[in-house]
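Subject: Structure for you to look at

Hello,

Here is the structure I promised to pass on. Please open it alongside this message.

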Amino acid sequence: MPPIIVNHVTQTHSLFETVIALTVSFEAVPRIRQLDRIRSDKLGEGIWHVNVHFGFVEIPDLPTVISQARHEGLPAWERPTYYVERVDAVSRPKRPLLSKWRVALFALMSRNSAHAVDRFRIPISRLVEIGRRIEL
């Protein structure tokens, strides 16, 4: 199970009736054929794992892909809610100074990276970000 689902269940003590764990992959080819874009596996009652593939020049549009997957039999609904994990990296207290700057640089680059809303065209009104702090 992805950590975000485990954290959600631990905090809320509940799980939606239908859960789709979505993995997005970018391939080393410019475009992916429509037939090869989506792969789905049923993991259990109401739990699915979906792999979505994009070429390196394609602009990913997850709501459109989810809509297409619905027409191919995936039990998705009209207005899905997207849960995204946001990781905040911090340095461990007893870390050598040389190593601390690398963690700080990684944390800076992570904070300045594109958000899921912008990168995957997810409507902001349907996105829930769950934060997690990890020590490196």
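Below is what I found in it, from the overall picture down to single residues.

Overall picture

Please note that this is a predicted model. The mean pLDDT is 84. Of the residues, 99% reach 70 or more. Confidence is highest in strand E3, at 90. It is lowest in helix H4 (residues 97-111), where the mean is 79.

The protein has 5 helices and 5 strands. Along the sequence they follow the pattern α-β-α-β-β-α-β-α-α-β. The C-alpha trace spans about 55 × 40 × 25 Å along its principal axes. There are 136 residues, and 29% of them count as buried. Take the contacts between residues at least 6 apart in sequence: 70% of these join residues at least 24 apart. The accessible surface is about 9300 Å². Carbon and sulfur atoms account for 57% of that surface.

The cores

Which residues have the most contacts inside the largest nonpolar core? They are Leu 62, Tyr 82, Ile 122 and Leu 127, in a core of 17 residues. Strand E3 (47-54), helix H3 (62-71), strand E4 and helix H5 (116-120) each supply at least two residues of this core. A second, separate core has 5 residues, among them Ile 4, Ile 5, Val 19 and Ala 21.

Leu 127 deserves a look of its own. Set aside its neighbours within four places in sequence. Leu 127 is then in contact with Tyr 82, Val 84, Val 117 and Ile 122.

Helix H1

Helix H1 covers residues 3-12, and its buried residues are Ile 4, Ile 5 and His 8. These lie on the same side of H1, because they cover an arc of only 100 degrees around the axis. In general, an α-helix has 3.6 residues a turn, so residues three or four places apart point the same way. What covers the buried residues of H1? Strands E1 (19-26), E4 (82-90) and E5 (127-135) are included in that cover.

The E2-E3 hairpin

Strand E2 (residues 38-44) and strand E3 run antiparallel, joined by 6 bridges. Arg 39 stands opposite Asn 51 in E3. The hairpin has 2 residues between the strands. Gly 46, in this hairpin, takes a positive phi near 80 degrees.

Most residues other than glycine have a negative phi. Two residues here are worth checking against that.

His 13 is one of them. Its phi is positive, about 55 degrees, although it is not a glycine. Is His 13 buried or exposed? Its relative accessibility is 70%, so it counts as exposed.

Arg 121 is the other. Its phi is near 55 degrees, again a positive value in a residue other than glycine. Arg 121 sits in the loop between H5 and E5. Its relative accessibility is 45%, so Arg 121 counts as partly exposed.

One point on reading the model: where pLDDT is low, the predicted coordinates should not be read in detail. The lowest mean for an element is the 79 of H4.

Best wishes

Conventions
Residues numbered from 1 in each chain as written. Predicted model: local features only at pLDDT ≥ 70, side-chain atom pairs only at ≥ 80, totals over all residues. Heavy atoms only, no water. Buried < 20%, exposed > 50% of the residue type's maximum accessible area, 1.4 Å probe, protein only. Helix = DSSP H or I, 4+ residues; strand = E, 2+ residues; numbered from the N terminus. Arc of directions from axis to C-beta. Contact = heavy atoms within 4.5 Å. Core = buried A, V, L, I, M, F, W, Y, C linked by side-chain atoms within 4.5 Å. pLDDT = per-residue confidence, 0-100. Pairing = 2+ DSSP bridges. Areas by Shrake-Rupley, 256 points an atom, 1.4 Å probe, with all protein chains shown as cover.
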